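Subject: Structure handover

Hi there,

Here is the structure I promised to pass on. Please open it alongside this email, and I will walk you through what turned up.

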Amino acid sequence: MKTFNVTLVGVGGQGILLTADLLAKAAAMAGMDVKKSEIHGMSQRGGSVISQVRFGDSVASPIVQEGTSDILVAFDKLESLRWAHLKSKDGVALINDLYLVPVTVSSGQQENVEGMDEKLKKTFPKAVIVNAMKISEEDVGNQRTMNMVIAGALSVFTPFKESDWLKAMQEILSGPKAKLLDINKKAFAAGRKAAMK
């Protein structure tokens, strides 16, 4: 199979790196060669975070080149616009319906982005928009599972089985984290359902 490129973007504290780890492990469980890279930026202060996962028969480099992401996963609307140049022409844009006001805007150092939704529609006319925060709060009952809602939505567009994702989740959430497995599985299922609509 060809090398498949996924770029995950958002801000610190949204669970992007855990989601990328889960994707990489699921791809490995499906028998693929996997490479992963991440840039934290000022992630501790709500800064931009990007993680890239590449998988296929043989993957040489962990870096996704501009215009080659088969899937751009944005945990925040502004970050989807910031990293739009990484998505391939026919790639999928999976966008969380959430806008976190950047520190530079709230502190008055930068103007707020006007017409965000119009810009999104123009940049990503076929985007898959998922309100992961609402789903995690209302359907799952825990907003901290927002990243697993996004992971579930992402799983719909990957070339391996749901069972590979669930096995990977079980491995990542083992030991002391095992008590979080059931609620994360529920969030994952809710995300899959939302992306299939």
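**What I found**

Pro-125 is exposed, with a relative accessible area of 71%. Before going further, please keep in mind that this is a predicted model. Pro-125 sits in the loop that runs between α4 (116-123) and β6 (128-130). Its C-alpha lies 9.2 Å from that of Ala-93, although 32 residues separate Pro-125 and Ala-93 in sequence.

**Two strand residues**

Glu-38 belongs to strand β2 (residues 33-39). Is Glu-38 buried, partly exposed or exposed? Its relative accessible area is 32%, so Glu-38 counts as partly exposed. The side chain of Glu-38 is joined to that of Lys-36 by a polar contact of 2.9 Å. Leaving aside residues up to four places away in sequence, Glu-38 touches Leu-17, Ile-50 and Ser-51.

Thr-7, in strand β1 (residues 4-11), has a relative accessibility of 0% and therefore counts as buried. Which residues surround Thr-7, not counting those up to four places away in sequence? Thr-7 touches Ile-50, Ser-51, Gln-52, Val-64, Ser-69, Ile-71, Leu-72, Val-73 and Leu-86. With Ser-69 there is also a polar contact, side chain to side chain, at 2.5 Å from Thr-7. Ile-50 and Ser-51 are touched by Thr-7 and also by Glu-38.

**Helices α1 and α6**

Now to the helix packing. Two packed helices are described by the angle between their axes and the distance between the axes. Helix α1 (residues 16-29) packs on helix α6 (residues 146-155) at about 35°, and their axes are 9 Å apart. The crossing in which α1 passes α6 is right-handed. On the α1 side the contact residues are Leu-18, Thr-19, Leu-22 and Leu-23, and they meet Asn-147, Met-148, Ala-151 and Leu-154 in α6. By class, this contact of α1 with α6 has 6 nonpolar residues, 2 polar and no charged ones.

How many of the residues of α6 are buried? The count is 10 of the 10, so α6 is largely enclosed by the rest of the structure. Among the buried residues of α6 are Met-146, Val-149, Ile-150 and Gly-152, and Asn-147, Met-148, Ala-151 and Leu-154, which meet α1, are buried too.

Ala-28, also found in helix α1, is partly exposed because its relative accessible area is 42%, a value between the 20% and 50% cut-offs. Ala-28 and Val-11 are 17 residues apart in sequence, and their C-alpha atoms are 26 Å apart in space.

**Helix α8 and its partners**

Helix α8 (residues 181-196) packs with helix α5 (residues 132-140) at an angle of about 120°, and the axes of the two are 10 Å apart. That makes α5 oblique to α8. α5 passes α8 in a right-handed crossing. From α5, Ile-135, Asp-139 and Val-140 take part, and they meet Ile-183, Lys-186, Ala-187, Ala-190 and Ala-194 in α8. By class, the contact of α5 with α8 is made up of 6 nonpolar and 2 charged residues, with no polar ones.

The other partner to look at is helix α7 (residues 162-172), whose axis comes within 11 Å of that of α8 and crosses it at roughly 155°. Because of that angle, α7 is roughly antiparallel to α8. The crossing of α7 and α8 is right-handed. The contact is made by Glu-162, Trp-165, Leu-166, Met-169 and Gln-170 of α7, together with Leu-181, Asn-184, Lys-185, Phe-188 and Arg-192 of α8. The residues in this contact of α7 with α8 divide into 5 nonpolar, 2 polar and 3 charged.

Asp-182 is exposed, with a relative accessible area of 60%. Between the C-alpha atoms of Asp-182 and Gln-143 the separation is 15 Å, and the two residues are 39 apart along the chain.

Best wishes

Technical notes:
Residues numbered from 1 in each chain as written. Predicted model: local features only at pLDDT ≥ 70, side-chain atom pairs only at ≥ 80, totals over all residues. Heavy atoms only, no water. Axes fitted to C-alpha atoms, helices over the stretch in contact; angles between N-to-C directions. Helix = DSSP H or I, 4+ residues; strand = E, 2+ residues; numbered from the N terminus. Parallel < 35°, antiparallel > 145°, perpendicular 65-115°, else oblique. Left-handed = near helix turned anticlockwise from the far one by under 90°. Contact = heavy atoms within 4.5 Å. Nonpolar A, V, L, I, M, F, W, Y, C, P; charged D, E, K, R; others polar. Buried < 20%, exposed > 50% of the residue type's maximum accessible area, 1.4 Å probe, protein only. Polar contact = N/O pair within 3.5 Å; in protein donor to acceptor, adjacent residues only side chain to side chain.
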